[in-house]
Amino acid sequence: MTKTTNGQFRPAGLPAAQGMYDPRNEKDSCGIGFVANIKNKKTHKTVQDGLSILCNLEHRGAVGADPKAGDGAGILIQMPDAFLRAVTADLGFTLPAEGDYAVAHFFLPQEEDRRAHVIKRAEETVTNEGQTVLGWRDVPVDNSDLGYSVIPTEPHHMQLFIERGENCADQDAFERKLFVIRKLVWNSLLEEDAKTAADVYITSMSSRVLNYKGMLLSDQVGKYYLDLSDERMVSALALVHQRFSTNTFPTWSLAQPFRMVCHNGEINTMRGNVNWMAARKGPMKSDILGEDLDKIWPLTV
């Protein structure tokens, strides 16, 4: 560390203040962006602004030998109700009131037979948990700008629409049930066929938010997901992230943001986290989840 004339310290390697540059403005975070309308007014501009932030997060450390391959990027927005009503009407089903339905964005295998199995398992789980399957939608994408190393692992994108069941008294209860359904779907696939489970990921399953992400560069998210360029795609907030991995291989599932948040940092103790959760299973209880708590194990794998 070097002491500056104003008494502050400058990390070794940073240049001294010069021109418009001041080392005091350096930050130890990168990759996260957030934009919101404080009056909760949903507009397409908020989505566009989020994607603009994402494009400005370009980072030299997030690109490998394939210049079109990155560690992943994505955007999380509020539920674009009007857009979803329009596209599902074209598919032949009608959505209930906003808040009474959820959207689950699935990464699915490209092979049709394995994809059909996952779809069947998801529908069975939704029904068994007292909710109603409204229908599925293929999510339109443009992969013409993806890197040669990314194309082989590109998933098939589909959205599952779920109606709130009578066993969920309100939207909060519905959100908790959706969490249980998501865990049940993936855990059941893991028990049946680890290879298929490895090719499945649910980026979000919620009645409040929708997540578009993938093994993409920051400027590819808006180009890849054609939904995001639709004027009806509106939100009062946009949470964006470009992943800068230092010690793990990039994958479609590890791209951020996560289902409700994004964070700046690596989780380097995965095995430790799994073991700690396993150790807590015995005495763990929840007044909110009730008997559903037993359905979500393994909580981390």
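Colleague: Which backbone nitrogen lies 2.7 Å from a polar atom of the side chain of Gln220?
Modeller: The backbone nitrogen of Leu217. This is a predicted model, in which local features need pLDDT of at least 70, side-chain atom pairs count only at pLDDT 80 or more, and totals for chains, interfaces and linings use all residues. Residues are numbered from 1 along each chain as its sequence is written, and side-chain values use heavy atoms, with hydrogens and water left out.

Colleague: Is Gln220 buried or exposed?
Modeller: Gln220 is buried because its relative accessible area is 3%; buried means under 20%, exposed over 50% and partly exposed in between, with a 1.4 Å probe and protein chains only.

Colleague: What is Gln220 in contact with, apart from neighbours within four places in sequence?
Modeller: Lys68, Asp145 and Leu146, where contact means heavy atoms within 4.5 Å.

Colleague: Turning to α3, which of its residues are buried?
Modeller: They are Arg114, Arg115, Val118, Ile119, Arg121, Ala122, Thr125 and Val126. Helices are DSSP runs of H or I with at least four residues, strands are E runs of at least two, and both are numbered from the N terminus.

Colleague: Why do the buried residues line one face of α3?
Modeller: Viewed down the axis of α3, they fall within an arc of 165°, so they line one face; the arc is that of the directions from the helix axis to the C-beta atoms.

Colleague: Which residues are exposed on the other side of α3?
Modeller: Glu112, Asp113, Lys120, Thr127 and Asn128 are exposed there.

Definitions and conventions:
A polar contact is a pair of N or O atoms within 3.5 Å; within protein, one must be able to donate a hydrogen and the other to accept it, and residues adjacent in sequence count only if both atoms are side-chain atoms.
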